[in-house]
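Hi,

Here is the structure I promised to pass on. Have a look at it first, and then read on for what turned up.

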Amino acid sequence: MIQDAFAMAGHYAALNPGLTRAFAFLERPDAADLPEGRHEVDGERVFAVVARGAGRDRAGALLEVHDRYIDVQCILKGVDRMGWKPRRDCVRPEGAFDPGRDVGFFADAPDAWLDTRAGQFAILFPHDAHMPMISVGPIHKIIFKVAVDQG
């Protein structure tokens with residue numbers, strides 16, 4: 001997991017070419033005004049999901065994991081207090097992994113909590129189990145799904 005400010009995004013381009021396309025999309029002048037839902041960036045290799053809503057409580061929330069995509073959670077407004085745990089340490093699965101949606105859930109408790117604030121992003125790799133949208137207030141963010149395999 002990586003957390004940093006939007007201004008530092010260029011330092012992570014070498015990790016995956018899709019990150020460059022995601023961060024370029026984030027610089028659009030209308031990024032903060034995009035409607036909720038999925039937005040095209042580069043086909044199935046990179047796409048954005050705009051989310052707005054009330055944060056949720058930790059109670060009952062689950063850690064999530066992905067196999068095919070890196071999550072880049074970019075906070076536009078609010079604070080997302082994300083839980084984190086190494087995926088290899090998760091031992092309490094909640095149902096089977098859904099390959100069609102590229103998501104699996106675990107009922108394990110996070111090992112750490114990271115406040116990601118407006119103007120910051122978190123990059124979460126397939127080895128990072130994460131619990132997003134934990135907040136006492138509203139959150140507005142863009143989540144980029146960046147394919148691990150850019151081929």
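F144 has a relative accessible area of 0%, so it is buried. Bear in mind that this is a predicted model. The ring of F144 pairs with that of F25: the centres are 5.7 Å apart and the planes sit at 85°, which is over 60 and therefore makes the pair edge-to-face. F25 counts as buried too, because its relative accessibility is 7%. Since F25 belongs to helix α1 and F144 to strand β11, the pair ties together parts that are 119 residues apart in sequence.

On the aromatic side, there are four such pairs in total. Ring pairs also join Y12, F23 and F121 into a cluster. Two arginines are worth a click as well. R38 has its charged end over the ring of F47, 3.7 Å from the centre, and R58 does likewise over the ring of W113, at 3.9 Å from the centre.

Now the core. Which residues touch the most other members of the largest nonpolar core? Those are F23, V72, I123, F144 and V146, out of 22 residues. At least two residues each come from α1 (17–26), β3 (46–54), β5 (69–77), β9 (120–124) and β11 (138–147). The biggest contribution is from α1, which gives five residues. Apart from this core lies another one of eight residues, including V65, C90, A129 and I134.

Leaving out neighbours within four places in sequence, V146 is in contact with N16, G18, L19 and A22, with R45 and V46, and with R68, Y69, I70 and V72.

As for the sheet, it is open and has six strands, in the order β1-β9-β5-β11-β3-β2, with antiparallel pairing. At the edges are β1 (2–5) and β2 (37–42), each of which pairs on one side only. From one strand to the next, the twist averages 20°. If you want to follow the β5 and β11 pairing, these strands run antiparallel and are joined by eight bridges; Q73, for instance, has I143 in β11 as its bridge partner.

And where does α1 lie? It goes across β2, β3, β5, β9 and β11, and runs at about 150° to β11.

Cheers

Technical notes. Residues are numbered from 1 along each chain as its sequence is written. This is a predicted model: local features need pLDDT of at least 70, side-chain atom pairs count only at pLDDT 80 or more; totals for chains, interfaces and linings use all residues. Side-chain values use heavy atoms; hydrogens and water are left out. A nonpolar core is a set of buried Ala, Val, Leu, Ile, Met, Phe, Trp, Tyr and Cys residues joined through side-chain atoms within 4.5 Å. Buried means under 20% relative accessible area, exposed over 50%, partly exposed in between (1.4 Å probe, protein chains only). Helices (H or I, at least four residues) and strands (E, at least two) are DSSP runs, numbered from the N terminus. Contact means heavy atoms within 4.5 Å. Rings of Phe, Tyr and Trp (its six-membered ring) pair if their centres lie within 6.5 Å; planes under 30 degrees apart count as stacked, over 60 as edge-to-face and the rest as tilted. A charge sits over a ring if NZ of Lys or CZ of Arg is within 6 Å of the ring centre and within 35 degrees of the ring normal. Two strands pair if DSSP finds at least two bridges between them. Axes are lines fitted to C-alpha atoms, for helices over the stretch in contact, and angles run from 0 to 180 degrees between N-to-C directions.
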